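Here is a report on one protein chain. Please read it beside the sequence and the 3D view.

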Amino acid sequence: MNEICIEARPENIDTLLDFVRERLETCPQKILSQIEIAADEIFSNIARYAYHPNVGSVTVRIAAGSEIAIEFEDSGVQYNPLAQEDPDITLSAEEREIGGLGVFLVKKIMDSVEYRREGERNVLTVRKGM
């Protein structure tokens, strides 16, 4: 498994996406695009909310075989994004509550999304078949 540990800051998203692209350069473009969207959304949420107002780090691990697994680990505030109700996308943007669309999208484009708490760390794993 390949990993990178970077500061969870919005300006580091390009570093993360470069890491993902380098590890998955033989991945079909459609799958890679979906993985990039998921990685961007998850990293952005960690950068915005996990340590606010401070900054911490996030470790991202990638394993690729018959499926791709990407694990995001941070020591920020405990938060299980999967425990939130999916947004009602039948409502107009004005009627809908703010937030939740990114996690909803990740759940739709990835084959599985799992959350666990290990001690003081949040671990979110997304998987996509090849």
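What covers the buried residues of helix 3? The cover includes helix 2, strand 4 and strand 5. The buried residues in helix 3 include G102, F104, V106 and I109.

## Overall make-up

This is a predicted model. The protein has 3 helices and 5 strands. Along the sequence they follow the pattern β-α-α-β-β-α-β-β.

The protein has 130 residues, and 42% of them count as buried. Among contacts with a separation of 6 or more, 63% join residues 24 or more positions apart.

The 5 strands form an open sheet in the order 1-2-3-5-4, with antiparallel pairing. Strand 1 (2-7) and strand 4 (112-118) are the edge strands, and each pairs on one side only. From one strand to the next, the twist averages 15°. Helix 1 (residues 13-23) packs on the sheet, where it touches strand 1, strand 2 and strand 3 (67-74). The direction of helix 1 makes about 175° with that of strand 1.

Strand 5 has partners in strand 3 and strand 4. With strand 3, the antiparallel pairing runs over 8 bridges. D74 stands opposite N122 of strand 5. Strand 4 and strand 5 (residues 121-129) are also antiparallel, over 7 bridges. Here R116 stands opposite V123 in strand 5. Strand 4 and strand 5 form a hairpin with 2 residues between them. In that turn, G119 has a positive phi of about 60°.

T59 is found in strand 2 (residues 57-64). Is T59 buried or exposed? T59 counts as buried because its relative accessibility is 8%, and the cut-off for buried is under 20%. Leaving out residues up to four places away in sequence, T59 touches E3, I4, C5, E71, F72, E73 and R121.

A64 also has its place in strand 2. At 57% relative accessibility, A64 counts as exposed, since exposed means over 50%. The C-alpha atoms of A64 and R23 are separated by 8.3 Å, although these residues are 41 apart along the chain.

## The nonpolar core

In soluble globular proteins, nonpolar side chains tend to be buried together. In this model, the largest nonpolar core has 34 residues. Which residues have the most contacts inside it? They are L16, V20 and F72.

Strand 1, helix 1, helix 2 (29-50), strand 2, strand 3, helix 3 (101-109), strand 4 and strand 5 each supply at least two residues of this core. Helix 2 gives the most, with 10 residues. V20 is in contact with L32, I35, A39 and I62, leaving aside neighbours within four places in sequence.

## Salt bridges

Side chains of opposite charge can pair when their charged atoms come close. The count for this model comes to 15 salt bridges. One of them joins R61 and E3, at 3.0 Å from N to O. R61 lies in strand 2 and E3 in strand 1, so the pair ties together parts that are 58 residues apart in sequence. R61 counts as buried at 16% relative accessibility, whereas E3 is partly exposed, with a relative accessible area of 49%.

D111 and K128 form a salt bridge, with the closest N and O atoms 3.8 Å apart. D111 lies in the loop between helix 3 and strand 4, and K128 lies in strand 5, so this pair ties together parts 17 residues apart in sequence. D111 is exposed, with a relative accessible area of 53%. K128 counts as buried at 11% relative accessibility.

R23 forms a salt bridge with E22, the closest N and O atoms being 3.2 Å apart. R23 is partly exposed at 33% relative accessibility. E22 is exposed, with a relative accessible area of 51%.

Which residues are linked in a network of salt bridges? The network links E3, R61, E71, E73, R116, E118 and R121. Of these, E3, E71, E73 and R121 are also touched by T59.

How values were computed
Residues numbered from 1 in each chain as written. Predicted model: local features only at pLDDT ≥ 70, side-chain atom pairs only at ≥ 80, totals over all residues. Heavy atoms only, no water. Helix = DSSP H or I, 4+ residues; strand = E, 2+ residues; numbered from the N terminus. Buried < 20%, exposed > 50% of the residue type's maximum accessible area, 1.4 Å probe, protein only. Contact = heavy atoms within 4.5 Å. Pairing = 2+ DSSP bridges. Axes fitted to C-alpha atoms, helices over the stretch in contact; angles between N-to-C directions. Core = buried A, V, L, I, M, F, W, Y, C linked by side-chain atoms within 4.5 Å. Salt bridge = Lys/Arg side-chain N within 4 Å of Asp/Glu carboxyl O.
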